[in-house]
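Trainee: I am new to this structure and would like to learn how to read it. Please take me through a few features in turn.

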Amino acid sequence: MAYQNDTGLDFLSQCDNELLGVLVEILTKDKGEERFTETLTLSNGYKTYHPDHVKYWRDIAESYQRFGGNTFVNMVRGGGVLYREILCDVCDKLKVNYNRDASIDFIEINLLSKILTDSLAKMTTEQLKEISNDLGLKNVTSFTPQAVTIAIQGAMKLSGFMVYQTAVIIANMIARAVLGHGLSLATNAALTRVIGVFLGPIGWIITALWTALDIAGPAYRVTIPATIQIACMRQIMNAPKEEVPNDVCKKPIGIFYGSDGGDTEKVVEQIAEELREYVDVKIFNVAQASKNDLRRYENLIFASPTYGEGDLQSDWEDFLPKLSASDVAGKTIAFVGLGDQDSYGETFCEGVSHIYAKLASSAKVIGQTSTDGYNFESSKSVVRGKFIGLMIDEVNQDDQTEKRIAAWVEDVVYKFN
């Protein structure tokens with residue numbers, strides 16, 4: 001069965017590989033395992049061009065149409081289904097309020113609005129206030145789910161950029177559910193914070209949706225998430241280009257670390273992997289690094305574990321005296337510390353504070369984080385009520401490390417040069 005010409009899907013030829021890659025994962029995998037019913041990986045286009053998805057977009061679209069046909073009982077219809085019909089079926093399944101005769105674009109906006117609205121109902125007053133401020137919502141009468149929903153829906157009718165922001169928020173959650181990480185879409189710092197706030201509530205919505213799809217049938221497990229992804233992709237592509245922010249970090253980042261036991265090295269590698277979705281990164285072990293290595297970078301991350309009663313790691317003790325504040329003057333720097341809250345609660349993560357004390361005065365310091373969720377008595381790495389950077393406890397809270405790194409990277413990548 002070949003791709004049926006479909007005005008609802010032709011725009012896929014203009015999408016980038018990152019957005020198409022999420023759609024390919026949805027079409028070919030089920031909870032990380034290969035789908036038995038998929039045929040996309042058998043196509044000549046997939047075999048020849050994967051992962052350059054743009055070059056075989058028709059095969060991707062045809063695979064989606066085929067799953068749509070399965071939803072409507074393909075054996076009766078004798079072929080795949082066009083996008084509009086699948087979209088309307090998905091909206092019916094998710095109880096979206098829409099006009100079947102409206103444009104595809106308008107129906108998609110209603111679909112995305114429904115997902116966003118459902119997630120707002122699960123937010124606290126503080127979360128609703130935070131996203132209202134960061135999204136620049138006006139005329140919010142009170143910070144209730146209903147009031148914020150009305151404000152967002154009103155803004156979506158007036159602003160293509162608000163629709164873009166909604167699509168970016170949901171697309172990031174879909175990517176996390178499918179790929180395990182967010183997308184490197186153009187956003188600003190405010191929108192990045194909003195994405196972070198939505199991660200939990202939309203995550204619950206997506207999880208509930210995935211669970212419901214197990215009951216609905218295998219075809220719906222493809223068509224519903226795939227349709228939501230396509231709706232996000234179209235709105236992202238349609239956004240007014242002059243309004244789309246583009247302040248993601250452009251210049252490479254140098255990460256300088258010291259490690260004896262290996263935990264800091266592991267954390268640094270995880271941070272670098274997340275950052276490489278956006279920017280070039282090079283890692284330097286200070287045991288072999290030079291001052292000239294550091295001078296080549298305008299964006300720097302310094303990482304160190306803590307030893308004894310708040311002591312700096314031994315390789316850093318040798319390297320730090322070679323540096324002065326002038327070596328990082330005008331640069332943008334961030335800090336990562338490791339520590340043990342239970343055994344060294346009075347000096348938690350203080351190792352990295354020695355680097356901060358010597359270098360921070362002449363540089364722009366970013367990446368400060370909240371102390372919420374930690375349990376320690378005191379730390380010199382807390383300045384004006386916040387940690388000077390990302391603090392990791394691999395001894396007692398290793399289950400929090402991945403989430404903390406992901407949230408931190410999504411914050412700092414828009415603050416580096």
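**A strand, a helix, charged pairs and cores**

Mentor: Start with strand β3 (residues 253-257): 5 of its 5 residues are buried, so the strand is largely enclosed by the rest of the structure. Keep in mind that this is a predicted model.

Trainee: Which residues of β3 lie on one side and which on the other?

Mentor: The general idea is that in a regular strand the side chains alternate between the two faces of the sheet. In β3, Ile 253, Ile 255 and Tyr 257 are on one side, while Gly 254 and Phe 256 are on the other. Both faces are covered, and these residues are all buried.

Trainee: Which strand do 5 bridges join to β3, and how do the two run?

Mentor: That strand is β4 (residues 281-285), and β3 and β4 run parallel. Within this pair, Ile 253 stands opposite Val 281. Strand β5 (residues 299-304) also pairs with β3 in the parallel sense, over 5 bridges. There, Ile 253 stands opposite Asn 299.

Trainee: What do β3, helix α12 and β4 make?

Mentor: They make a right-handed β-α-β unit, with α12 covering residues 263-275.

Trainee: How many residues of α6 are buried?

Mentor: The count is 12 of 17, so α6 is mostly covered, with "buried" meaning under 20% relative accessible area. Among the buried residues are Ile 104, Ile 107, Glu 108, Leu 111 and Leu 120.

Trainee: Glu 108 is a charged residue in that list. Which side chain does Glu 108 meet in a salt bridge?

Mentor: Glu 108 meets Arg 234, at 2.7 Å from N to O. This pair links distant parts of the chain, since Arg 234 is in helix α11 (residues 220-238) and Glu 108 is in α6, 126 residues apart. Both Arg 234 and Glu 108 are buried.

Trainee: Where do Asp 118 and Lys 114 lie?

Mentor: Both lie in α6, 4 residues apart, which is about one turn of the helix. Asp 118 counts as partly exposed at 28% relative accessibility, and Lys 114 is partly exposed at 26%.

Trainee: How many salt bridges does a search of the whole structure find?

Mentor: The search finds 12. One of these joins Asp 52 and Lys 55, with the closest N and O atoms 3.4 Å apart. Asp 52 is partly exposed at 25% relative accessibility, whereas Lys 55 is exposed at 54%. Elsewhere, Lys 291, Arg 295 and Asp 327 are linked in a network of salt bridges.

Trainee: Last, the cores. Which residues touch the most other members of the largest nonpolar core?

Mentor: In general, nonpolar side chains in soluble globular proteins tend to be buried together. Here the largest nonpolar core has 77 residues, and Leu 12, Leu 27, Ile 131 and Ile 228 touch the most other members. Helix α9 (residues 160-179) gives the largest share of this core, 11 residues. Apart from this core lies another of 28 residues, among them Ala 289, Tyr 297, Leu 300 and Leu 312.

Trainee: What does Leu 27 touch?

Mentor: Leaving out residues up to four places away in sequence, the contacts of Leu 27 include Leu 40, Ile 60, Phe 67 and Val 222. Arg 35 and Glu 38 are also among them.

Methods: Residues numbered from 1 in each chain as written. Predicted model: local features only at pLDDT ≥ 70, side-chain atom pairs only at ≥ 80, totals over all residues. Heavy atoms only, no water. Buried < 20%, exposed > 50% of the residue type's maximum accessible area, 1.4 Å probe, protein only. Pairing = 2+ DSSP bridges. Right-handed = clockwise from strand over helix to strand, strands pointing away. Salt bridge = Lys/Arg side-chain N within 4 Å of Asp/Glu carboxyl O. Core = buried A, V, L, I, M, F, W, Y, C linked by side-chain atoms within 4.5 Å. Contact = heavy atoms within 4.5 Å.
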